[in-house]
Amino acid sequence: MAGQLNPHLLLAVPLAPLAGSAIAGLFGTKFFGNKIGRTASHSVTILGVFIALVISIQTLLAVMDGASYNGTIYNWMTVNGLKLEIGFLIDSLTAMMMCVVTFVSLMVHIYTIGYMADDKGYNRFFSYISLFTFSMLMLVMSNNFLQLFFGWEAVGLVSYLLIGFWYTRPTAIHANMKAFLVNRVGDFGFILGIGLLLAYAGSMNYAEVFAKREELSKFLLPGTDWMLITVACICLFIGAMGKSAQFPLHVWLPDSMEGPTPISALIHAATMVTAGIFMVARMSPLFELSDTALSFILVIGSITALFMGFLGIIQNDIKRVVAYSTLSQLGYMTVALGASAYSVAVFHLMTHAFFKALLFLGAGAVIIGMHHDQDIRNMGGLRKYMPITWITSLLGSLALIGTPFFSGFYSKDSIIEAVHETHIAGAGFANFAVLAGVFVTAFYSFRMYFLVFHGEERFGKAHDHHHLAEPEEDANGDDAHHHHGLAPGEKPHEAPAVVTVPLILLAIPSVLIGAIAIGPMLHGDFFKDVIIVGESHRAMQVLNEAFHGAVAMGLHSFTTAPFFLALAGVAAAYYCYMVNPKVPAWFHDKFHGIYALLDNKYYMDKFNEVVFGAGTRALGGGLWKVGDRAIIDGVFVNGSAKAVGWFSGIIRHLQSGYIYHYAFVMILGVLGFLFYFMPFPSFAK
């Protein structure tokens, strides 16, 4: 049914999760006295997200039939002709994002029932994740920069609450503050980019700004010879670097693992970290005007894709391995954006959302089975105890490494091909990075898989490494010394159905969605008139000419470099951790310096602490000592008081009370006036 979509129905998509969040957050917590119980809280939030999913699917089907919507829902105010409004832009890009966000969110909501069953903050957590879903939907559905920025900041705020959900743990407080501050750095660039576009386009509406793209491409930034559109696009991308955790603003994401596992899946799979990728794809009409901005994006994405993957190799926390995998895959998406293959980036965003949510939730199921021990060195042989978690995690890992015919294969190989065909500056390094990243991804993914599900059973032993536990008890004020991990003689157990059903439902698209969607999304008209690519950027055109169907692409891949690199990564992981475990120890001893570099995350945290942290403290201390104490307090406040006291001390001597003193002063005054006004004789000739 081609035509306009119903705006009232569209409004229900974000408002349904918001209503569920409000009910659970107000009536399910101490705020209004715990009026409703756990069952009511999770039921109302799940219902809200389910309603949003159903309407999103209907919207996607309608959009595929030609329907669309771009209009104002609420006019907040008009200032000197500038409209500040809430509006929706519903096209194929938005409809796809709506479905991905709501589906993954629904799976996370259902999974949370089992995972957070023993947590005292159960109702509060459901309120937060539902509010997070509302924020992300407002972001992707916006048709103007004002609403985009509102959703952008809202997901940042709620992620702060979720990462620090266990707020009695110092590590959680440190992690959420770190995420908040790093994102503020990116958001500063983001708002500068929006401000530049507003100043020169005179509007915050996407369509109106895009309509003036040719005019914007002719302006220079005042006082420089820099193209205005280049500066604006780089500023916008700096915002994406913060949200999508690109180097060097990536440091917050691994530490965000301090939050509960369900929110790790929600933040790092389909929502917050992909907001930057979505934003750049939405702004493709602007980014296509600047090869400099695209080159910057390409290089940043390449660094992130390769070097963050290296960090995953040495991690022992099961959630951190998956987190560094997310960083690397976000780098792949960013590389595709830099190559002007925006549709490929969005396609990988979609496939990645499913298999990465699957891997995170699978990691959570393992943590449950291991009694909240997260160290993969304490696992092994879980395959026979947790068969559903095992098979779904295997499917997710195969999708992640780009195994032919799995969803990740179609999107990842398309990125590699697009980078190979692009001629934007930095493409050579990007091509190396994405190819080398294939081997690295396969190695760390199957290192984790083999250590967790195969080999010797290492759990329930006295030498277990329990420092990586996820202690809900600590956060809830219970016994801080409660043992995490399996005691001697205990065996792992499969998670309950409320946890395993979402794993199965996520495994299905992780396997199938790539083959189904690659035709219309990359080589069809799905993104027609939504994503704009300039004529000089021919990567997508070459991909279209080489595509002969999903099956043919899968068969052809068995002769390509990415397949052999992935196979080599799996084989290397199998040999190192199943056949000859002495090899990793040998590498550790022989290359201790490299290991230390990776273990300290390239010393980025130390650099930030020494340079920015110490610099900020020094600047703050200087402003306090010089600006506040010396100038404001010393000069203006205390100085003015001292000046008045000094002047008063002098003047008071003139107030002696003797008449002859006052008469003498009057005489001096009169003489002064006479001297001043008396005409002097002129000696000029």
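Student: Which helices each supply at least two residues of the lining of the largest cavity?
Tutor: The model is predicted: local features need pLDDT of at least 70 and side-chain atom pairs count only at 80 or more, while totals for chains, interfaces and linings use all residues. Residues are numbered from 1 along each chain as its sequence is written, and side-chain values use heavy atoms, leaving out hydrogens and water. Helices are DSSP runs of H or I, at least four residues, and strands are runs of E, at least two, numbered from the N terminus. Those that each supply at least two lining residues are α16 (342-369), α17 (387-400) and α19 (427-453).

Student: What volume does the largest cavity have?
Tutor: A cavity is a set of points on a 1 Å grid over the protein atoms alone where a 1.4 Å probe fits but cannot get out; lining residues have an atom within 4 Å of a point. Points join across faces, edges and corners, and volume is the space filled by probe spheres set on them. Lining the largest cavity are I318, L359, G362, A363, V366, S393, S397, M448, Y449, V452 and F453. Its volume is about 80 Å³.

Student: How many charged residues are in the lining of the largest cavity?
Tutor: Ala, Val, Leu, Ile, Met, Phe, Trp, Tyr, Cys and Pro count as nonpolar, Asp, Glu, Lys and Arg as charged, and the others, Gly among them, as polar. The lining of the largest cavity has eight nonpolar and three polar residues. For charged residues, the count is none.

Student: Which residues in α19 meet α17?
Tutor: Contact means heavy atoms within 4.5 Å. From α17 come T389, W390, S393, L394, S397, L398 and L400. By class, this contact has seven nonpolar, five polar and no charged residues. On the α19 side, the residues are T441, S445, F446, Y449 and F453.

Student: How many nonpolar residues are in the contact of α1 with α2?
Tutor: Helix α1 (residues 7-27) and helix α2 (residues 38-64) pack at about 170°, with axes 8 Å apart. That makes α1 roughly antiparallel to α2. Among the residues that meet are L9, V13, P17 and I23 in α1 and V44, G48, I51 and I55 in α2. Besides eight polar and no charged residues, the contact has a nonpolar count of 13.

Student: What gives the largest share of the lining of the largest pocket?
Tutor: A pocket is an open set of grid points with protein on both sides within 12 Å along at least five of seven lines. About 820 Å³ of space lies in the largest one. It has 24 lining residues, with I313, I314, Y577, P584 and F587 nearest its centre. The largest share, five residues, comes from α19.

Student: How many charged residues line the second largest pocket?
Tutor: This pocket holds about 610 Å³ of space. Of its 18 lining residues, K178, V182, V251, N608 and F612 lie nearest its centre. The most, eight residues, come from α27. By class the lining has 10 nonpolar and four polar residues, while the charged residues number four.

Student: What is the volume of the second largest cavity?
Tutor: K178, H250, V251, P254, Y324, K601, M604 and D605 line this cavity. They divide into four nonpolar, one polar and three charged residues. Its volume is about 50 Å³.

Student: Is Y115 buried or exposed?
Tutor: Y115 sits in helix α3 (residues 92-115). Its C-alpha atom is 7.9 Å from that of A365, 250 residues apart along the chain. Buried means under 20% relative accessible area, exposed over 50%, and partly exposed in between (1.4 Å probe, protein chains only). At 5% relative accessibility, Y115 counts as buried.

Student: What percentage of the residues of the protein count as buried?
Tutor: The protein has 28 helices and two strands. Its C-alpha trace spans about 115 × 65 × 60 Å along the principal axes. Of the 685 residues, the buried share is 55%.

Key:
Axes fitted to C-alpha atoms, helices over the stretch in contact; angles between N-to-C directions. Parallel < 35°, antiparallel > 145°, perpendicular 65-115°, else oblique.
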